[in-house]
Structure formats: C-alpha cells, structure tokens
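Take a look at the fold below.

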Amino acid sequence: MSNNTFDSASYMSMELLRFTTAGSVDDGKSTLIGRLLYDSKSIFEDQMEAVKASSEKRGDDHINLALVTDGLKSEREQGITIDVAYRYFATPKRKFIIADTPGHIQYTRNMVTGASTANLAIILVDARKGIIEQTKRHSLIASLLGIPHVTICINKMDLVDYDQATYESIKADYKRFASKLHVKDVTFIPISALYGDNVVNTSDNMPWYNGTTLMYHLENVHIANDRNYIDGRFPVQTVIRPQSDTFHDFRGYAGRVSGGVFRAGDEVKAWPSGFTTKIKAIHCDNQEVEEAFDPMSVVMTLEDEIDISRGDMITRSNNEPKTGQDIDAMICWMDDSKSLQLGGKYTLIHTTKQCRCVVKSIEYRMDINTLSKDQENRTIDLNDIGRVKLRTTVPLFYDEYSRNRVTGSFILVDEGSNVTVGACMIRS
Amino acid sequence: MGYSINHLRELESEAIYVLREVAAQFENPCILFSGGKDSILLTHLAKKAFYPAKIPFPLVHIDTGHNFPETLTFRDDLAKELQAKLIVGSVQSMIDTGMAHEETGANASRNIAQIPTLLDTIEKHKFDALMGGARRDEEKARAKERFFSHRDEFSQWDPKNQRPELWNLYNGKKHHGEHFRVFPISNWTELDVWQYIGMENIALPSLYYAHKRRIFERDGVILSESPFITLREGEEIREEIVRFRTMGDATITGAYRSDADTIDKIIQEVAAARSTERGSRADDKRSETAMEDRKKEGYF
C-alpha cells in the first residue's frame with residue numbers, strides 16, 4: 001500500500017473514483033470507513049486524538065473508528081449516520097470520494113442521493129446474518145441508480161471463525177437474488193473491518209480466499225468505460241458574451257459535456273431549434289482544445305449564429321436524443337411532508353432545463369424489500385420507489401437512464417416549498 | 001482508451017459547472033473572498049469558467065481588521081488584475097457603531113464578530129448566493145454540507161433538514177429573503193488544492209511559503225508578532241523560518257516550522273503531514289462541535 005509520497009509526475013495521472021457505502025445498523029460500515037482511512041494513513045493525528053478522546057468519554061473500550069465518520073451532534077449521540085457524509089482519501093493511484101449513507105429503510109432517500117454520483121457501491125453483509133432485506137434494498141438502489149460496479153463485502157468474518165463455507169453460501173445466495181437486477185459487475189470480498197482483514201492488507205486468517213483486498217479492488221477496478229463516449233450531449237448552462245473590444249463578436253456556449261466526444265469541425269444540432277451547424281472551436285479557459293468529452297466543462301463556439309440559450313442542448317447531428325413531453329420514469333420520493341400527488345404539478349429540473357410537469361399516472365409502487373410491484377396501494381410516500389408517467393409543459397431532450405445518467409435523470413421540486421421532492425430516472 | 005482526465009481536471013470541471021450554475025440561477029451572487037488559498041483558487045476557477053468574459057460576480061471580503069497586511073495587498077492586486085468589483089465589509093466599523101461586539105478575555109478573536117458583519121453585508125447588497133472556498137474535508141460538520149446550501153431569512157443553516165442533492169442537478173429555488181451559500185470546491189482536499197495550484201501555477205500570498213518571521217509561542221501554537229496581540233508574561237519574540245497553512249486572522253492563525261519555500265516542497269509536506277490544516281486554528285478547539293454551532297448561526 002501507499003506510503004503517501006506524491007511526486008509531481010504521479011499525481012498528474014491519478015484518477016477519481018466515487019463510491020457509496022450502504023449498510024444496515026451495526027454491520028460495521030462506519031468502522032470499515034474508519035479502517036480504510038486509518039490504514040491508508042488518511043486520518044491525521046489531531047483527528048485521531050479527537051476520536052480517542054471521544055471514545056474515552058463515551059466509555060468505549062477501544063478506539064472507536066466509527067467516530068471518525070459520524071459528523072453531526074445528533075449522530076454522535078444516537079450512534080447512527082443520519083445524512084450523507086462525504087469522506088476523502090487518496091492513494092498514489094486514485095483519489096476517492098466516499099458518500100457515506102445510512103442503511104435503514106427510513107433513509108432510502110439518503111442512499112439514493114449518495115448513489116446518484118457513484119461509480120461503485122460497497123454493500124456490507126454481516127457474515128452471521130447473510131443476505132437480509134436491507135442487503136436487497138441496497139442492491140436494488142444500486143441497480144436502479146445505475147452504479148456500474150457493486151462490491152459485496154461480507155463483514156465480521158472474525159465472528160464466524162473466518163469460515164469459507166459461510167462465505168461461499170452467502171455469495172451463492174446473493175448471486176441468485178441479483179440475477180433479477182441490472183448490476184453489471186459484482187465482486188465479493190470476505191473482510192473483518194474491525195481487525196482489518198482484507199481491507200487494506202491481505203488476511204492471514206483466510207488463506208482460502210484468492211481474490212484481492214478491498215483497497216486493491218478500489219484502486220484497480222476499471223472505470224474508464226463507465227462513461228458514455230458515444231452519444232454526444234452538451235446541455236448549455238449559460239451563454240458567454242464578453243462586453244469587451246478584444247472579444248466583441250465572441251459568442252460561446254458554456255456547459256459540461258454529458259456524453260460522447262465533440263471535436264472542432266463536427267456537425268452538431270441544436271435543440272429545440274433543430275438547426276444544424278458546425279463547431280468552430282472548443283475553449284477551455286484561454287486555450288483551444290481539439291476535443292471535449294464527458295465530463296469536461298468547456299465553451300463551444302459555432303460556425304453559424306443560431307439562437308441557443310440556457311436549457312437548450314447541442315448534440316452530434318448523427319446521434320439524436322429522444323424528445324417528447326410524455327415521460328415514463330422511476331421515481332424515489334423524498335418529501336416527508338406529503339406524498340406524490342396524482343394530478344399534482346411540480347417544477348422539473350432536467351440537465352440545465354427547467355419546466356413544469358403534471359403527474360398523469362402512478363403505475364405501481366415497488367416493494368423494495370421483495371422487489372415486487374404493488375398495484376393495489378399506489379401511494380408514493382417518503383422513501384418509496386415507484387413508476388410514474390409525467391407530462392411536461394415543453395419537450396425534454398433525453399436518453400434512457402440506463403444509457404446516460406446525466407440526460408436520463410431529473411428532479412421534481414415542490415412549487416410551494418421549493419424543496420427537492422423527487423429523484424427520477426427515465427425509462428423511456 | 002484515450003478519454004480520461006485526471007482527478008484535478010475532474011474536480012476543476014465540477015467546480016466550473018457549479019460556478020456557471022450560480023451565474024445562471026441567481027440574480028445577485030458573489031464570491032466570499034478571505035484572501036486564503038481556497039478563495040484564491042475559487043476566484044481562479046471563476047476566471048476560467050467565464051473566460052473570455054470577466055468574472056460576473058463581485059469579490060466580497062469580510063475584513064476583521066486583524067488580517068495580515070500581505071493578505072490585503074494580495075486581495076487588492078488580484079481584484080485589479082481581474083477587473084473584479086471588490087466589496088469590503090468591515091468588522092471594525094461594525095464594532096465602532098455597536099452592531100458587533102469585540103470579544104474580550106484570554107483567547108479573544110473576531111470570529112464571532114464576523115457573523116453580524118457578514119449578515120449586514122448580505123442585506124445591504126441583497127446577495128442571493130454567496131460562494132465560498134469551504135471544503136468538506138476541512139471539518140466534520142462541513143462533511144455534510146451541500147454544494148447549494150439553503151439559508152432561511154435569518155441566514156440559519158438547518159443541518160437536519162437539508163435538501164437532497166442528486167446527480168449534478170442543483171436546486172437553487174428559494175423564497176424572497178432567503179439565500180444560498182454555495183461551495184464549488186466541496187470535493188477538494190487540501191492536497192488537491194496544492195496540487196492544482198502547482199499544476200496551474202497560481203500566485204499566492206507570500207505567507208504560504210517558508211520565510212523568516214518574528215514569532216512567539218502560545219499554548220503550543222506559533223503566532224506571528226502582530227500589533228493586534230499583546231505578549232503575556234514569559235512569551236518572547238524570536239525569529240524563525242515558518243510558513244502558514246491557512247490564512248485566518250493574525251491573532252489566531254498558527255504558523256508551522258517549515259522550509260517549504262516552493263510549491264513542490266509544499267505538496268510533499270502536505271502529503272506527509274500528520275495533522276489537519278485547521279489543527280492550528282484556535283477557533284475550532286473551543287468544543288467538539290464548535291464549527292457546527294457557528295455554522296447554524298450563519299458563519300461561513
């Protein structure tokens with residue numbers, strides 16, 4: 001593992017991996033994160049001192065690594081993680097962003113939030129308990145939110161005498177269950193977060209395990225193909241028009257590439273106007289770049305002056321997005337004050353576009369523990385997941401979520417409170 | 001495979017995206033500029049996000065009156081270079097007019113007096129979004145802060161009732177009188193910041209680099225000689241080679257013994273460091289949840 005030396009050559013080629021951790025109460029998730037940070041030497045001395053002092057104050061008989069991650073007062077008091085907390089560490093190969101989310105059913109919305117930006121999900125399973133409802137729920141969320149890589153850490157192996165048969169049987173159970181989901185890449189690792197087995201260092205207690213440690217997996221899992229480099233999508237955030245003599249005629253479209261690759265000279269189409277033109281140049285700050293791809297933030301200039309403003313989208317002209325006002329989507333409801341209203345109107349935010357929508361139908365509510373579709377009780381309350389059909393005031397330009405996580409996602413905002421109430425993934 | 005960018009470029013792209021969202025979603029946004037490296041980085045990213053147009057936000061500095069002189073010179077030069085509008089909210093004049101109170105006692109600082117000054121500046125200029133260079137890795141209460149952090153009409157932060165923030169969809173909708181605090185470099189660590197400053201060759205106040213300085217020690221913290229500090233019995237000034245890792249008030253910001261006088265040496269030093277950069281900030285040591293308590297009241 002790392003000795004934390006960063007020479008200027010190595011950090012210039014470090015990749016970024018975002019992962020989420022979900023687990024049940026008491027399955028050792030906070031301990032695992034504390035362990036990853038501790039063993040990768042990412043916990044500083046003063047943080048460690050603070051954790052030691054808090055552990056003693058609470059009367060814990062060992063240094064409680066879980067305290068490293070539990071940030072807010074009420075969490076430290078209750079001993080559970082109630083919100084999404086972000087943690088950071090780096091090895092010479094990668095920088096990691098952990099979205100640490102609570103595992104209990106009442107925090108499904110937090111799990112969904114953490115999962116929305118993740119490349120990888122770590123799902124913790126207690127070796128003594130095996131696959132339980134929460135494991136299934138976390139896996140469903142990972143599948144629904146399109147997390148490309150799922151790592152099942154079978155934890156507390158120390159409490160089952162590091163027994164291979166226990167591990168194999170949990171693995172087989174999980175595979176049977178996961179065949180119903182859309183998870184592309186699943187990896188299994190037997191660990192003990194408390195003692196550090198197979199977290200950063202290979203365990204001597206499980207010689208029967210031939211796979212990699214969790215840290216090795218995080219450092220090496222192939223993420224370069226997680227993004228979409230096929231469908232050129234460029235939602236326009238803002239138009240850059242400098243009021244200066246030097247750049248008098250400059251009119252640039254600022255945005256972040258959200259799929260595909262754009263090059264100067266490429267033929268592109270603007271939505272919703274439908275006009276076709278060519279890319280004159282792509283700018284990054286004061287430099288011109290030859291190509292821009294997901295997730296680069298750039299400014300594009302075009303050969304022809306066409307009317308494009310915030311909320312519009314530039315795409316490659318030979319690869320068009322879907323467009324329409326009738327949207328079929330999966331929804332996770334996040335409002336604790338009221339349920340999703342059939343016939344209700346909401347503000348919809350999709351890429352850089354904002355419009356309104358009405359809920360035309362609620363197809364079903366998903367029982368997230370059994371994965372079955374409930375068509376009897378279709379009330380979508382806080383933390384519920386369901387399928388809805390919406391009608392928007394103006395056409396959206398979109399892709400299926402399974403094809404593009406940026407152009408395939410949107411949120412609903414309550415028009416009275418302005419609070420984000422729904423997270424949606426487009427089916428078609 | 002040719003299509004990949006390194007972690008610094010990805011963080012840069014994310015921050016630029018957030019800066020442009022702020023410009024597009026708000027009527028009267030600003031950058032809170034402290035003179036520290038994080039707000040200098042943020043200003044640099046803002047320049048990139050809108051080039052060749054000028055930065056479409058003013059820089060707002062809440063001047064405690066206890067700043068290092070180097071910080072103020074640097075601030076003025078940068079604003080001039082970028083042709084950015086600079087707005088200064090003065091803690092001293094708030095104290096003089098009785099709208100803020102000077103702390104007294106052993107470890108008095110002007111941290112608390114910054115809060116009414118900041119809120120007064122927000123009201124006076126009707127800012128609806130204030131961007132800051134705060135990072136989630138700095139402190140445990142910040143680890144849960146959103147990119148777009150909603151504040152009610154009393155500027156209060158409600159950590160238990162934050163809006164969910166999904167994908168890269170930032171919901172800046174608000175009622176009249178409310179505003180947002182926005183943190184475009186939320187996902188950067190101290191090491192990322194230094195690596196990026198090195199990669200982009202960003203100018204910083206000289207205080208960040210090792211230099212000879214007249215210092216003394218108080219409660220294990222190395223403080224700079226300053227007109228704002230009265231020496232206590234047993235404390236004496238001596239000259240040493242030090243540098244600063246953060247840039248707060250001269251009265252509370254601790255220096256480090258360090259010979260890192262180049263960016264590469266600083267990156268090495270930060271990578272090997274065994275304590276967090278806020279470790280030398282007396283303001284965070286007051287209680288276990290000092291930062292969370294201050295944030296709820298409206299502190300940045």
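In this predicted model, 6 strands of chain B form an open sheet. Their order is β3-β2-β1-β4-β6-β5, and the pairing is mixed. What does pairing rest on? Strands of a sheet pair through backbone hydrogen bonds, either parallel or antiparallel.

Which strands sit at the edges? They are β3 and β5 of chain B, and each pairs on one side only.

β5(B) pairs with β6(B) in the antiparallel sense, over 4 bridges. Within this pair, B:Phe148 stands opposite B:Val182 of β6(B).

A helix joins the picture too. Helix α3 of chain B packs on the sheet and touches β2 and β3 of chain B. The direction of α3 makes about 165° with that of β2(B).

Here are the residue ranges of the elements named above.

| Element of chain B | Residues |
|---|---|
| β2 | 59-63 |
| α3 | 69-82 |
| β3 | 86-90 |
| β5 | 148-151 |
| β6 | 179-182 |

Step back to the whole chain. Chain B comes to 8 helices and 10 strands. It has 300 residues, and buried ones make up 64% of them.

Contacts tell another part of the story. Take those in chain B with a separation of 6 or more: residues 24 or more positions apart account for 72% of them.

What about the surface? Chain B exposes about 11500 Å². Carbon and sulfur atoms supply 48% of that area.

Key: Residues numbered from 1 in each chain as written. Chains lettered and ligands numbered in written order. Predicted model: local features only at pLDDT ≥ 70, side-chain atom pairs only at ≥ 80, totals over all residues. Heavy atoms only, no water. Pairing = 2+ DSSP bridges. Helix = DSSP H or I, 4+ residues; strand = E, 2+ residues; numbered from the N terminus. Contact = heavy atoms within 4.5 Å. Axes fitted to C-alpha atoms, helices over the stretch in contact; angles between N-to-C directions. Buried < 20%, exposed > 50% of the residue type's maximum accessible area, 1.4 Å probe, protein only. Areas by Shrake-Rupley, 256 points an atom, 1.4 Å probe, with all protein chains shown as cover.
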